[in-house]
Amino acid sequence: MSVDFSKNATERPEPCKAEIKGNIPSWLQGTLLRNGPGIFTVGDTNYNHWFDGMALMNSFTFKDGEIIHRSRFLRSDTYKANMEANRIVVSEMGTMAYPDPSKNFIFKAITFLNHTMPDFTDNGASNFIKYGNDYYATSETNYISKIDPLTLETLEKVDYLKYLPVNLASCHPHYDKEGNAYNIGTSIATKGKTKYILFKVPAVSDKGPALKNVEVICSVPCRSLLMPSYYHSFGMTDNYIIFVEMPFKLDILKMATAYMRGVSWASCLKFCPEENTLIHLVDRKTGKEVETKYYTGAMVLYHHVNAFEDDGHVVFDVITYTDNSLYDMFYLSNLKEKSQFDEKRFSKPTYKRFALPIHADKVSFGGNMVKLKYTTASAVKEKEGKFMCQAEVLCEGLELPRINYDINGKRHQFVYGNYVGDSAEAAKFDMETKKMVYWDEDKCLPSEPVFIPRPNGESEDDGVVLTSVINSNPGQSSFILILDGKTFKEVARAYVNTELNKDMHGFFIPH
């Protein structure tokens, strides 16, 4: 289907009742928040990359069989500055902002200095995070924006650096049963060291932001002082955190000169296919990294699916790529082309499973030390304290993976996501049968599916799947789609009587 990814969205902050077709389960009570880029042109200036667009938040509130929709732009400092100037004045990863040619030399000099030691954008257009009782719109910089999840109003700009030394942070935290949040950030050249910081934000907080009680779990040294690895997510089990340090790196020195050289910060991302990927395993209780080093071949990954422990192994599932061309695919100039997923230009996602033997230091060299019968993943001891791991390929084409989060950290059977192929489809993948079922409709583009478990459900897939759908059929509105978690058949849909934009990630708040 044809979707104009560069079209500016229109916000609708007032609540609007959706038109229901079908029957919404009576137990489904809560709000689905979705976040993604929504403004791509300001005045005569344009963003180059889809990820750079200014954040548009959508909410779909389910209550007593009805759905209320509203949308609102995130009022970040980036949004305010750009709108006041009527041009893009705050740089994003793929778009370098330059001052109006009419500005004087002093203004241009200050702009140059700000980009040499960059103060990153607060345009939180990727996801939502819950810290304590508060919700934040987030991207991957040191800034997050507190929002009201009911009205979508922007309340407060928060800087991670006030609480711990991280310049970048993941937009995919994990949560335990008590509601504590776990995340990872990068501390760049602090006191001569670049490191990754794993941290915990306690669920319960007295007055003030929950981040003020943040606890550092572990610091992992970066393999290169001025070239930290990029990451988008990480894995977590009951006892371990899995952090994958890819040879997909951010060159800090090149970033410092990017503005002067007339290039974007994204051009400073470098994939090094000749290097291995290092897998870090951190003990959550001791805060220490497991001494054994696990390696695999070069790869790029954005999304972890799940991780769990089984019989002396840590097993984790990820969506991987052979190179970093996925980022290039989302340049708006590429999205305007007819063939978005040209196999010759862009690598496709591959769903892989890794298995790490935890207590295998005293074994001899050579030979596969993975003893789990349900996976072909391997780990071979090459030398003392070092294992070379090979993954099992489970399927291809699945992205934006979601599971029943109630079993996060436990062995799962089902994964929901978007299938990347000739058409846009929502999909459910069965780990045991290796079969995939789909939902698709002509001229419709579904978002990342979010699984909502039925209270006291009898099985892992007992619940519903929510996905917002861009509908390009003439005379028809976009809609929120409700699928049965087991059969993946349509239960209901709700037409929102407005256009929806392609977005990134969603967060469900149960009522």
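Okay, a polar contact here is a pair of N or O atoms within 3.5 Å, and within protein one of them must be able to donate a hydrogen and the other to accept it. Keep that in mind for the start of helix α3. One caution before we go on: this is a predicted model.

So, α3. D251 caps the N-terminal end of this helix, with a side-chain oxygen 3.2 Å from the backbone nitrogen of L253. The helix itself covers residues 252-261, and its buried residues are I252, M255, A258 and Y259. Look down the axis of α3 and those buried residues fall within an arc of 80°, so they line one face of the helix. What sits on the face turned away from the buried side of α3? There you find the exposed residues L253 and M260. After the helix comes G262, which has a positive phi, near 75°.

Now to strand β7, residues 66-73, and to R70, which is found there. This one I like. R70 is buried yet has no salt bridge. How far away is the nearest side chain of opposite charge? That is E14, at 5.8 Å, and a salt bridge would need a side-chain nitrogen of Lys or Arg within 4 Å of a carboxyl oxygen. What the side chain of R70 does reach is backbone: the oxygen of L150 at 3.1 Å, and the oxygen of P13 at 3.4 Å.

H69 lies in strand β7 as well. Is H69 buried or exposed? Buried, with a relative accessible area of 1%. The H69 side chain makes a polar contact of 2.8 Å with the side chain of R12.

On to the sheets. There's an open sheet of 4 strands in the order β8-β9-β10-β11, with antiparallel pairing. At its edges stand β8 (127-131) and β11 (154-159), each with a single partner strand, so one side of each is left without a neighbour in the sheet. Ignoring direction, neighbouring strands in this sheet are turned by 35° against each other on average. If you want a place to look, take β10, residues 143-147, which pairs with β11 in the antiparallel sense over 5 bridges. Y143 stands opposite D159 of β11 there.

Another open sheet of 4 strands runs β29-β30-β31-β32, again with antiparallel pairing. Its edge strands are β29 (398-402) and β32 (436-439), each pairing on one side only. The twist here averages 30° from one strand to the next. Between β31 (residues 424-430) and β32 there are 4 bridges, and A427 stands opposite Y438 in β32.

Last stop, the hairpin. β14 (residues 181-190) and β15 (residues 193-201) run antiparallel and are joined by 8 bridges. T190 stands opposite K193 in β15. Which residue in the hairpin takes a positive phi? With 2 residues between the strands, K191 does, near 55°. β15 also pairs with β16 (residues 215-221), antiparallel, over 6 bridges, and there the bridge partner of K195 is P221.

Methods: Residues are numbered from 1 along each chain as its sequence is written. This is a predicted model: local features need pLDDT of at least 70, side-chain atom pairs count only at pLDDT 80 or more; totals for chains, interfaces and linings use all residues. Side-chain values use heavy atoms; hydrogens and water are left out. Buried means under 20% relative accessible area, exposed over 50%, partly exposed in between (1.4 Å probe, protein chains only). The arc is that of the directions from the helix axis to the C-beta atoms. Two strands pair if DSSP finds at least two bridges between them. Axes are lines fitted to C-alpha atoms, for helices over the stretch in contact, and angles run from 0 to 180 degrees between N-to-C directions. Lys and Arg count as positive and Asp and Glu as negative; His and the chain ends are not counted.
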